[in-house]
Amino acid sequence: MSTTLFRTIQPNHFTLLTNALLRTRRTSRHISVRCQTSTTTQQSSSQQQQPRTSAPKNHGSNKLDEILKDYEAVIGIETHVQLSTSTKAFCSCPNSYGSHPNTSICPVCMGLPGALPVLSSKVVDFGVRLGLALNCSLSLKSKFDRKQYFYPDLPKGYQISQFDVPIASGGYVDVDIPLEFGGGHRRFGITRVHMEEDAGKLLHSDAGDYSQVDLNRAGVPLLEIVSEPDIRSGVEAAEYGSEMQRIVRYLGVSNGNMQEGSLRCDVNISIRPIGQAEFGTKVEIKNLNAFSAMSRAIDYEITRQALLYNQGQADQIVTETRLWDEGAQKTVTMRKKEGLADYRYFPEPDLPEVILTQEYVDSIRASLPELPEAKRRRYEAMGLGIQDVLFLANDVSVAEYFDEVIGKGADVKSAANWLMSDIAAYLKNEELSISDVKLTPQELAELIAAIKDETISGKIGKQILFELLAKGGTVQGMIKEKDLVQITDPVEIEKMIMKVISESPKQLEQYRSGKTKLQGFFTGQVMKMSKGKANPALLNKILLEKLNAKD
Amino acid sequence: MATTRALLAIRSASPPCIIRIKASTFSSSLSFQRHGAIARCFSSDTNPSVLQPPDVSRLAETARISVTPAEIEECGPKIRQVIDWFGQLQQVDVNSVEPAIRAEMEGGNLREDAPETFENRESIRASIPSFDEVYLKVPKVLNKE
């Protein structure tokens, strides 16, 4: 393997590697280097997509829609997922967020002389899991490489990563675009998934010429997911990011919190006149803390680049890293890349190959949970509308709850409605998650059944829901305790109606002389008398009879 | 690792070219030279004499080692010798050979995901000269290059 010792400079995974190094790759790629700008463009034979018949829809910006008539945005996203393992990637230091600084350290993650890394089996497990979930081909043999650069939060002076033989590659993810942004399905390619370690945390103090480093995070395992440049708008990017979050949470490999930093997305974006095959100059955007920020940053950047194109200043667009300024709502230059970074990758000599057996991969595949995409399609097949589908499948705990409820035989549409309206509102108000509520799926199914067979009315159902959510208990128990059984005996209802009518002669007079809206008044009175238990349909039927009778 | 071993080989082989480790590296701004990389990627049928000569000053920059022009002159040919030595491997025809990832046959050596607190963290922290109570104090560096 003499070729591995002398390696061409490769800045990041977007500017792809030559064929000689990648005999495992299925698609062939060509690399053309533009000498003037420091950009590497790629034309992939597998990426010759048909020109779009309609530009991706945007949520309101006419300016953007105008731009998108002339230009196409080409967007790729690099996602770093911090794994929720108990230990770091290459040593047994605890991996716990929020510990006192510089307490989860040891000679290995501190890069002290003589210390040697040992890979955690959990990291491989999670890597295979995520690779399979993203429909990738797994490399049964992969390796680690050293990515070398100097920075205060990088103790060893290199990051252990995977360069040319990642654990997984060539996958895809299917997403549903939310209805308010046009709806529809999209498939985005996944170039690769690889394992690596995180760096420490660098804190810049405003005062003084020094910064501070906390190495608790150094060595924490990461999975990096690189997408194909298939994304075409901010909306699509936000949905891609959300789906990544959904998937890692469904799999249980990460808690996917952008705020905590356990899910980080960097966007690579360029635009090109529609119809042009060559990619434009690529700009990287960092410092995105939310999917909405990602969407807005992309919209801003498309506008910025298009403006320069329109002014004939396309050469002002340079390969650089820009930061998203949430306050100013714009991207700002962080630094211009002076040439491509030279990481001097070489195979990590301290770590052996990562070898996967087909049995191992198959056993993990068999243990994968139902993934968001499969759930969405199943819910759709059950007859639920796309809005309901997207809500229910978004949070794995909610989906599991829903599945349990309908598993007990409850009507699908009713279960969906309860979860999406009253229960969702309760969770939001109380700031709880579905796992915190005292109402068990069994009891929700009971509630739905009790309303369906008219034991109690819908209104009563809503009333006891609140108590069931907060305190638990059984539906049957509560019905007995509070005497909530619906009154469905027509004789009884008629008695109450007659009483109300006799007590309200004035309103009766008004009704009979034309004010038919007063029916509501009578309904209300009877309901009050029956403590809400009168069956509404029966009540109205009999009431109308009595009101319209010639006395 | 190969580079350091090579440098050690050079030192022991002939009158030493003195290499000083740069004490403070953070203030230097790096401008990479795009030409003269140590070697380009090539397939196995490239003639070894086509190997690029080493760009010693760039090598030194990337390793954060300061070298004088005299040292660059001196080290160049020596590093070249090492490269050429490895370059002999280019003469082997490996077109019909499946690339091996590593030389050894067994992979594995994986660790259980069971946390262990390192006993002597205090001495690690104590050995850091710039350790400031809770954090490591470092010069303010904003760019990675």
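In the predicted model, Tyr401(A), Phe402(A), Val405(A) and Ile406(A) of helix H9(A) are in contact, with heavy atoms within 4.5 Å, with Val412(A), Ala415(A), Ala416(A) and Leu419(A) of helix H10(A). By class, this contact holds eight nonpolar residues and no polar or charged ones, where Ala, Val, Leu, Ile, Met, Phe, Trp, Tyr, Cys and Pro count as nonpolar, Asp, Glu, Lys and Arg as charged, and the others, Gly among them, as polar. H9 spans residues 396–407 and H10 residues 412–430 of chain A, and the two pack at an angle of about 145° with their axes 10 Å apart; helices are DSSP runs of H or I of at least four residues, and strands runs of E of at least two, while axes are lines fitted to C-alpha atoms over the stretch in contact, with angles from 0 to 180 degrees between N-to-C directions.

For residues 400–547 of chain A, an unreviewed UniProt entry lists an Asn/Gln amidotransferase domain, an annotation that may be inferred rather than shown by experiment. Over residues 400–547 the chain is 72% helix and 0% strand, and the end C-alpha atoms lie 49 Å apart.

The structure holds zero disulfides over all chains, a disulfide being a pair of cysteine sulfur atoms within 2.5 Å. For Cys93(A), the nearest cysteine sulfur, that of Cys106(A), is 3.6 Å away. Cys93(A) is buried, at 2% relative accessible area, buried meaning under 20% with a 1.4 Å probe and protein chains only.

Residues are numbered from 1 along each chain as its sequence is written, and chains are lettered from A and ligands numbered from 1 in the order in which they are written. In this predicted model local features need pLDDT of at least 70, side-chain atom pairs count only at pLDDT 80 or more, and totals for chains, interfaces and linings use all residues, while side-chain values use heavy atoms, with hydrogens and water left out.

Technical notes:
Buried means under 20% relative accessible area, exposed over 50%, partly exposed in between (1.4 Å probe, protein chains only).
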